[in-house]
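Biologist: Please take a close look at one helix pairing in this model. I would like the geometry, then the residues, then the setting.

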Amino acid sequence: MSTVTIDKAAPTRNVKYGSMSRDRTWALRWSYFFLTLFAVFSLLPPIYMLITSLKGSAEISAATNPWWVFHPTLENYAGLLTSNQFCDFS
Amino acid sequence: MLLVPWVIPPAMSTLAWLWLFDPSYSAFNYTLSFFGIGPIPWTGDADWARFSVILVNVWYGAPFFMIMYLASLKSVPEQLYEAAAIDGANWWQRIWYITLPMMRNIIAITTLFSLIVTFANFDIVRILTAGGPLDHTHIFATWAFRIGIEGSDIPLGASVSLFMVPILAIAAVFILRDVNKRGNEA
């Protein structure tokens, strides 16, 4: 019968093994964080266009919070739909 | 949702950016004022104007890069990452030794494409700064327009337009030769 001897003096690799699932969880969290940042960045101009389109001319030139519509109006869209020129284009 | 910048016509989206950068009604300056940051001359100062043009160009081009890189990332075999993890590779080593080498061709081709599109870009600079302040943000296309159409010197405008051809051709030759070489190695 053979015996196995373990050489305790042999150098051991001091490697910190991380769980792959834990790594992936963190990778997912970071990717969602950056995706959210990027989504805000990419949607900023279209949202601002939408906000602006719901404002009247007086509100545009007023020194108020530009990110908020205080007096929402659909007059710009209504004007488009009743404009002969726009209907010709579309 | 992230493809929105690509869906809106660049002329219209650049107008929205122009309105965001507006010196009098800038929504950015309004927001930054809450953090104690003074009004920034987004399109009035040469450095800030360049930054604004670059920002809008990145915003417009990002969806294309995203799609290309996503497709490239999906094509990297999962087994390579598993083998690397078994060998004890950390996150950075997996990126450096597996992901980037596998994406090199796509990165090279998208870089070439971006170089060409950015050189030939017209809408963003024309609408955002019109080449100003003091002609500091011109690119070949807008400068050619300024000289050829607005300055009525069409031959000079044509030569400005063609000036970028050899530069882009040399870049294209180097990049595509590198891509071809790697293709032959595989």
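Modeller: The model is predicted. The pair is helix H2 of chain B, residues 10-21, and helix H4 of chain B, residues 46-74. Their axes come within 11 Å. They cross at roughly 140°. Angles over 145 degrees would count as roughly antiparallel, so H2(B) is oblique to H4(B). The crossing of H2(B) past H4(B) is right-handed.

Now the residues. H2(B) contributes Pro10(B), Ser13(B), Thr14(B), Trp17(B) and Phe21(B). From H4(B) come Ser52(B), Leu55(B), Val56(B), Trp59(B) and Tyr60(B). Seven residues of this contact are nonpolar and three are polar. None is charged.

Side chains of opposite charge can pair when their charged atoms come close. Arg50(B) forms a salt bridge with Asp47(B). Their closest N and O atoms are 3.3 Å apart, inside the 4 Å cut-off. Both residues lie in helix H4 of chain B. They sit three residues apart, about one turn of the helix.

Next, the wider setting. Over all chains, the whole structure has four salt bridges. Between chain A and chain B there are zero. Those two chains still meet: 23 residues of chain A are in contact with 25 residues of chain B. Together they bury about 2100 Å². Carbon and sulfur atoms account for 78% of that area.

Note on methods: Residues numbered from 1 in each chain as written. Chains lettered and ligands numbered in written order. Predicted model: local features only at pLDDT ≥ 70, side-chain atom pairs only at ≥ 80, totals over all residues. Heavy atoms only, no water. Axes fitted to C-alpha atoms, helices over the stretch in contact; angles between N-to-C directions. Helix = DSSP H or I, 4+ residues; strand = E, 2+ residues; numbered from the N terminus. Parallel < 35°, antiparallel > 145°, perpendicular 65-115°, else oblique. Left-handed = near helix turned anticlockwise from the far one by under 90°. Contact = heavy atoms within 4.5 Å. Nonpolar A, V, L, I, M, F, W, Y, C, P; charged D, E, K, R; others polar. Buried area = accessible area lost by both parts, 1.4 Å probe. Salt bridge = Lys/Arg side-chain N within 4 Å of Asp/Glu carboxyl O.
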